[in-house]
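Visitor: I'd like to go through this one with you. Can you put it up?

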Amino acid sequence: MKKVMMYTLSTCPWCKKTKSFFAEKNIPFEFIDYDKASKEEQQKIREVCSAHGEGIAFPFVIIGDDVVVGYNPQKYMKLLES
């Protein structure tokens with residue numbers, strides 16, 4: 001299974017839905033709440049987002065080498081199945 005990493009905001013309802021989606025499907029994932037991260041960690045997150053050619057927006061989900069910005073369960077599943 002592809003690795004799933006996400007950058008989220010602790011107060012974002014779409015971020016909470018995204019975490020719940022993966023948890024309910026028993027798909028392992030890691031996440032960092034951007035707003036609770038240190039300034040150094042926030043800078044690293046901005047660099048990762050930029051490296052993927054995206055601006056910083058949440059949820060920012062990385063599945064393998066692919067990125068999905070926003071809550072999009074259909075795209076998550078398609079990327080996990082490929």
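Visitor: Which residue takes a positive phi in the hairpin of E3 and E4?
Guide: Gly64, with phi near 65 degrees, in a hairpin that has 2 residues between the strands. Strands here are DSSP runs of E with at least two residues, helices are runs of H or I with at least four, and both are numbered from the N terminus. This is a predicted model, where local features need pLDDT of at least 70, side-chain atom pairs count only at pLDDT 80 or more, and totals for chains, interfaces and linings use all residues. Residues are numbered from 1 along each chain as its sequence is written, and side-chain values use heavy atoms, with hydrogens and water left out.

Visitor: How many bridges join E3 to E4?
Guide: There are 4, between E3 (residues 60–63) and E4 (residues 66–69), and the strands run antiparallel. Two strands pair if DSSP finds at least two bridges between them. Phe60 stands opposite Val69 in E4.

Visitor: Moving on. How many salt bridges does the structure hold?
Guide: It holds 1, counted when a side-chain nitrogen of Lys or Arg is within 4 Å of a carboxyl oxygen of Asp or Glu. Lys19 and Asp33 form it, with the closest N and O atoms 3.0 Å apart.

Visitor: Which parts does the pair tie together?
Guide: Lys19 is in helix H1 (residues 13–24) and Asp33 in strand E2 (residues 30–33), so the pair links parts that are 14 residues apart in sequence.

Visitor: Is Lys19 buried or exposed?
Guide: Buried, at a relative accessible area of 16%. Asp33 is buried as well, at 13%. Buried means under 20% relative accessible area, exposed over 50%, and partly exposed in between, with a 1.4 Å probe and protein chains only.

Visitor: What are the other buried residues of H1?
Guide: Besides Lys19, they are Cys15, Thr18, Phe21 and Phe22. They fall within an arc of 155 degrees seen down the axis of H1, so they line one face of the helix. The arc is taken from the directions from the helix axis to the C-beta atoms. On the other side, Pro13 and Glu24 are exposed.

Visitor: Now the aromatics. How are Phe22 and Tyr76 arranged?
Guide: Phe22 and Tyr76 form a tilted pair, 5.0 Å centre to centre with 40 degrees between the planes. Rings of Phe, Tyr and Trp (its six-membered ring) pair if their centres lie within 6.5 Å; planes under 30 degrees apart are stacked, over 60 edge-to-face, and the rest tilted.
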